[in-house]
Amino acid sequence: MLTTTVTNFRKNLFGLLEQTIKFNEPVNVSTKAGNAVVMSEDDYNGLMETLYLSSIPTVRQTIIDGLHTPPEECIPENEVQW
């Protein structure tokens, strides 16, 4: 994560936003009143989707179970029925 002051952020706004969008690298902007984080819309949408899915108990448990499943118990990707 790139960290910059609000003054530098203001001076380089376009370039920092382009970098954030192109490389999905958040920017931490520090001010006297506190800090703010600027992130790409794709990253934001992904974060919101993750929070939403994590809020559904059955989905969250399915993900946790999947993380604990040994690879040898999984089926190959080409056999997955979508």
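Begin by selecting Asn28, which is found in strand 2 (residues 27–31); helices (H or I, at least four residues) and strands (E, at least two) are DSSP runs, numbered from the N terminus. This is a predicted model, in which local features need pLDDT of at least 70 and side-chain atom pairs count only at pLDDT 80 or more, while totals for chains, interfaces and linings use all residues. Residues are numbered from 1 along each chain as its sequence is written, and side-chain values use heavy atoms, with hydrogens and water left out.

Asn28 counts as buried because its relative accessibility is 16%, where buried means under 20% relative accessible area, exposed over 50%, and partly exposed in between (1.4 Å probe, protein chains only). Leaving aside neighbours within four places in sequence, Asn28 is in contact with Met1, Leu2, Thr3, Thr4, Asn35 and Ala36, contact meaning heavy atoms within 4.5 Å.

Next, select Met39, which lies in the loop between strand 3 (34–38) and helix 3. Met39 counts as partly exposed, because its relative accessibility is 31%. Apart from its neighbours within four places in sequence, Met39 is in contact with Thr20, Tyr44 and Leu47.

Finally, move to Met48, which is found in helix 3 and, at 32% relative accessibility, counts as partly exposed.
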